[in-house]
Amino acid sequence: NGHGTPWYFSKKVIDIITRLQPGPHDQFPVRFVDKRDGKDYGVHYAFYLPTYLDCIDVDLTQFNAGYGIEAARRSGFGLRIGGKKPYVLKKKSIAGWHIWRATRENASLTFISDELHDQLRASGAEGWTYLRCDLID
């Protein structure tokens, strides 16, 4: 499908995401049942996110291998271990987006807007880890 591995979200989370950002993404319901004991975990939603934004300022973000695009690639776009500096994102690149992937080179690197963050926290959604980012104009 070209969208990578899906996440599985509750209906509550899907509703929040689609209310803030109706597209472009795909989701469909999946019922989870344990094959061993038949326990039904209910319906969750497979969520595919195809959006990649060129949003990381690689010259200002400190990756494991230093600064710049080559350091980012050598680091798998991972931040410096033990570093105190967050990702630096280009404000214009992310304007109007609430959930997106930052690079095709590391499709697991996903960001959310402050507004989505606040609504997920207020809803009691669990299983999310949040790291603040710096923004530049």
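**View 1. Asp 40 is partly exposed, at 42% relative accessibility.** Partly exposed is the range between two cut-offs: buried means under 20% relative accessible area and exposed means over 50%, with a 1.4 Å probe and protein chains only. The side chain of Asp 40 meets that of Arg 31 in a salt bridge, 3.0 Å from N to O. A salt bridge here is a side-chain nitrogen of Lys or Arg within 4 Å of a carboxyl oxygen of Asp or Glu. This is a predicted model, where local features need pLDDT of at least 70 and side-chain atom pairs count only at pLDDT 80 or more, while totals for chains, interfaces and linings use all residues. Residues are numbered from 1 along each chain as its sequence is written, and side-chain values use heavy atoms, leaving out hydrogens and water.

**View 2. Lys 90 and Asp 54 form a salt bridge, 3.4 Å from N to O.** Lys 90 sits in strand E4 and Asp 54 in the loop between E3 and H2, so the pair ties together parts 36 residues apart in sequence. Helices (H or I, at least four residues) and strands (E, at least two) are DSSP runs, numbered from the N terminus. Lys 90 is partly exposed at 24%. Asp 54 is exposed at 60%.

**View 3. Lys 11 and Asp 15 pair within helix H1 (residues 11–20).** Their closest N and O atoms are 2.8 Å apart, in a salt bridge. The two residues are four apart, about one turn of the helix. Lys 11 is partly exposed at 43%, and Asp 15 is partly exposed at 29%. The whole structure holds seven salt bridges.

**View 4. The structure has 11 aromatic pairs, and Phe 28 with Tyr 48 is a stacked one.** Rings of Phe, Tyr and Trp (its six-membered ring) pair if their centres lie within 6.5 Å; planes under 30 degrees apart count as stacked, over 60 as edge-to-face and the rest as tilted. Phe 28 lies in strand E2 (residues 26–33) and Tyr 48 in strand E3 (residues 40–48), so the pair ties together parts 20 residues apart in sequence. Phe 28 is partly exposed at 39%, whereas Tyr 48 is buried at 14%.

View 5. Phe 63 is in the loop between E3 and helix H2 (69–74), and Phe 77 is in the loop between H2 and strand E4 (88–90). Both are buried.
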